[in-house]
Amino acid sequence: MTARWDIFCKVVDNFGDAGVAWRLARQLAHEHALAVRLWIDVLPPLARFVPGVDAEREEQRVDGIEIRHWRAPFAEVSPADVVIEAFGCGLPDPYVHAMTQASPAPVWFVLEYLSAEAWVDGAHGLPSPHPHLPLTRRFWFPGFTDATGGLPRDSGLIEARDTFRRDASARAQLWRSIALPMPAEGECRVSFYCYPDAPLAALFDTWADGDDRMSCLVPDGVAAGALDAWTGGDVPHPGHPVSRGRLTLHSVPFMTQAAFDRLLWACDVNFVRGEDSFVRAQWAARPFVWHVYRQAENAHHAKLDALLDRYTTGLDPPTAAAVREFFHAWNGMAGFDQVDVAWRAFAAARPTLERHGSAWAGQLAALPELATGLVKAASDRL
Ligand code: TRH
């Protein structure tokens, strides 16, 4: 009997919740031959990067995955064998009740947010008995050590990346598909996925007045207000790049996750944010800059520094300092407001960071693989 897995996902905002849940659903279905049902409460973010998803439909099947619109009153369904509560989103009461009626009781995982912080090692895999029902949840933490659930790494990802890198026609095809010319000699091509509060104007000024020829590829809808302000309303749109000094801004369409991977593989530096694009940028093994999802009381600063401590390990001190200073400046941390100075040091370190990117991705590839770990843990309990 094919095991049935339910993934519950609540969209807080942006695309990450849907992005992480969809990527996991695809891995479970295609790499582990499981019957996967994704419950999601807001469909448009998913429809933005998954062709074939109809944001109006209550239920549909796309790419071998059953997608159900999670809304109240919750549908009466029999619970799956394994249940994933993405990002601690909670489960509908009627569903939890049905889980108590199932025999054996479903395996219940709470998939947590990714963090490089050390405390994750101790929290990963911990059971949490339900306060009054005969059910136990188990916390599953993605992470950067063997003591965590590791990172999502779809099978064949590294090979696909390296094949793409060696294939000039594949890269040319990518640029054609988003109406961009081939990169010019000496051009630094940057993908640019950040939150609206990034110090974008200071960086663009630095790039416009800088020595390097810069191309900045901005996905549709990203930092629209800041872009509008910096361009004086002459915002770039597909086929209409906007140039100032040494900088050319290109608007690129919001694309599928697979195409977004290729964009990260083809660019020289990747500005990413949140969780899923942050992980994909590391698999891309290129220099990257992380804009962390802002949290209350600046809790995201500790998250950022925990990642920097791991990522800069092995780098020579000046390069490590350049990375830390630019990441701090990009995340608006106090005392790091010299975006121009920080960028110049970061840019000068690019050759080193390119080598480091491959070593870092290699290190991450030795970690547990998230979906595989969940499947193994579930089968141990089923
Ligand atoms: O969109 P995000 O900012 O999502 C955030 C984060 O996940 C954050 O952790 C969470 O707390 C918050 O949502 C609620 O960034 P993230 O995580 O990188 O997710 C973006 C997704 O969009 C990712 O799966 C990649 C995908 N994507 C595409 O598929 N095509 C595109 O063109 C782009 C720009 C993104």
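These are my notebook entries on a predicted model.

**Ground rules.** I number residues from 1 along each chain as its sequence is written, and side-chain values use heavy atoms, with hydrogens and water left out. In this predicted model, local features need pLDDT of at least 70 and side-chain atom pairs count only at pLDDT 80 or more, while totals for chains, interfaces and linings use all residues.

**Helix α3.** I looked up α3, residues 93-101. Helices are DSSP runs of H or I with at least four residues, strands are E runs of at least two, and both are numbered from the N terminus. Which residues of α3 are buried? Tyr95, Val96, Ala98 and Met99 are. They share one side of α3, because they cover an arc of only 160 degrees around the axis. I took the arc from the directions from the helix axis to the C-beta atoms. Buried means under 20% relative accessible area, exposed over 50%, and partly exposed in between (1.4 Å probe, protein chains only). Asp93 and Gln101 are exposed on the other side of α3. An α-helix has 3.6 residues a turn, so residues three or four places apart point the same way. The cover over the buried residues of α3 includes β1 (4-9), β2 (35-40), β5 (82-86) and β6.

**Asn270.** Next I checked Asn270, in strand β13 (residues 269-273). Is Asn270 buried or exposed? Asn270 is buried, at a relative accessible area of 0%. Its side chain makes a polar contact with the side chain of Ser191 at 2.6 Å. A polar contact is a pair of N or O atoms within 3.5 Å; within protein, one must be able to donate a hydrogen and the other to accept it, and residues adjacent in sequence count only if both atoms are side-chain atoms. Leaving out residues up to four places away in sequence, Asn270 also touches others, including Leu263, Arg286 and Phe288. Contact here means heavy atoms within 4.5 Å.

**Cis bonds.** I found a cis peptide bond between Ala72 and Pro73, with omega about -5 degrees. Pro73 sits in the loop between β4 (65-69) and β5. Another cis bond joins Ser103 and Pro104, with omega about -5 degrees. Pro104 is in the loop between α3 and β6.

**Positive phi.** Ala285 is not a glycine, yet its phi is positive, about 55 degrees. Ala285 lies in the loop between α10 (276-283) and β14 (288-291). Ala285 is buried, at 5% relative accessible area. Asn298 has a positive phi near 55 degrees. Asn298 is in the loop between β14 and α11 (299-311). Asn298 is partly exposed, at 36%.
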